[in-house]
Amino acid sequence: ERAAALCRLRVHCSADYPKVPPQVQFTSKINLPCVDKSTGVVSGLEVMRSWRYDNRIEHVLMAVKQEMTKGSNRKLKQPEEGAEF
């Protein structure tokens, strides 16, 4: 059985948080439709597009996890382990 690879990401909240969503960026390379292939910035998640004041970082992290575990995304070829942006 293969151990899961380690993915690292950075979450930055501006002074306007929670009025605006946090900025989320993977520092380890990952192949997901919601992640910019050259910068690692996460975008296009519904929770971020329709952000509300009562949303939390937890909601964003759960949405990222949901994207990572989608059947179609689990089959995507991933960069070498340890590759970083």
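How many aromatic pairs does the structure hold? The structure, which is a predicted model, holds one aromatic pair. The points below begin with the overall layout and then turn to individual residues.

**Overall layout**

- The protein contains three helices and two strands.
- Read from the N terminus, these elements follow the order β-β-α-α-α.
- Along the principal axes, the C-alpha atoms fill a box of roughly 40 × 25 × 20 Å.
- Of the contacts between residues at least 6 apart in sequence, 52% join residues that are at least 24 apart.

**Surface and burial**

- The protein has 85 residues, and buried residues make up 26% of them.
- Its accessible surface comes to about 6200 Å², and carbon and sulfur atoms account for 51% of this area.

**The aromatic pair**

- A pair of aromatic rings is described by two quantities, the distance of the centres and the angle of the planes.
- Tyr17 is located in the loop between strand 1 and strand 2 (23-26), while Trp51 is located in the loop between helix 1 (46-49) and helix 2 (57-69).
- The pair therefore ties together parts of the protein that are 34 residues apart in sequence.
- Tyr17 counts as partly exposed because its relative accessibility is 24%, which falls between the limits of 20% and 50%.
- Trp51 is buried, because its relative accessible area is 13% and the limit for burial is under 20%.

**The nonpolar patch**

- Leu9, Val11 and Leu61 form a nonpolar patch on the surface.
- Together, these three residues have about 200 Å² of accessible area.
- Leu9 belongs to strand 1, which covers residues 9-12.
- Leu9 has a relative accessible area of 31% and is therefore partly exposed; residues in patches must have over 30%.

- Leu6 lies in the segment before strand 1.
- Leu6 counts as exposed because its relative accessibility is 64%, and the limit for this class is over 50%.
- Leu6 and Glu81 are separated by 75 residues in sequence, yet their C-alpha atoms are 8.0 Å apart in space.

Notes. Residues are numbered from 1 along each chain as its sequence is written. This is a predicted model: local features need pLDDT of at least 70, side-chain atom pairs count only at pLDDT 80 or more; totals for chains, interfaces and linings use all residues. Side-chain values use heavy atoms; hydrogens and water are left out. Patches are made of residues with over 30% relative accessible area and no salt bridge: like charges are joined within 9 Å, nonpolar side chains (Val, Leu, Ile, Met, Phe, Trp, Tyr) within 5 Å. Accessible areas come from the Shrake-Rupley method with a 1.4 Å probe; for residues, only the protein chains shown count as cover. A salt bridge is a side-chain nitrogen of Lys or Arg within 4 Å of a carboxyl oxygen of Asp or Glu. Helices (H or I, at least four residues) and strands (E, at least two) are DSSP runs, numbered from the N terminus. Buried means under 20% relative accessible area, exposed over 50%, partly exposed in between (1.4 Å probe, protein chains only). Rings of Phe, Tyr and Trp (its six-membered ring) pair if their centres lie within 6.5 Å; planes under 30 degrees apart count as stacked, over 60 as edge-to-face and the rest as tilted. Contact means heavy atoms within 4.5 Å.
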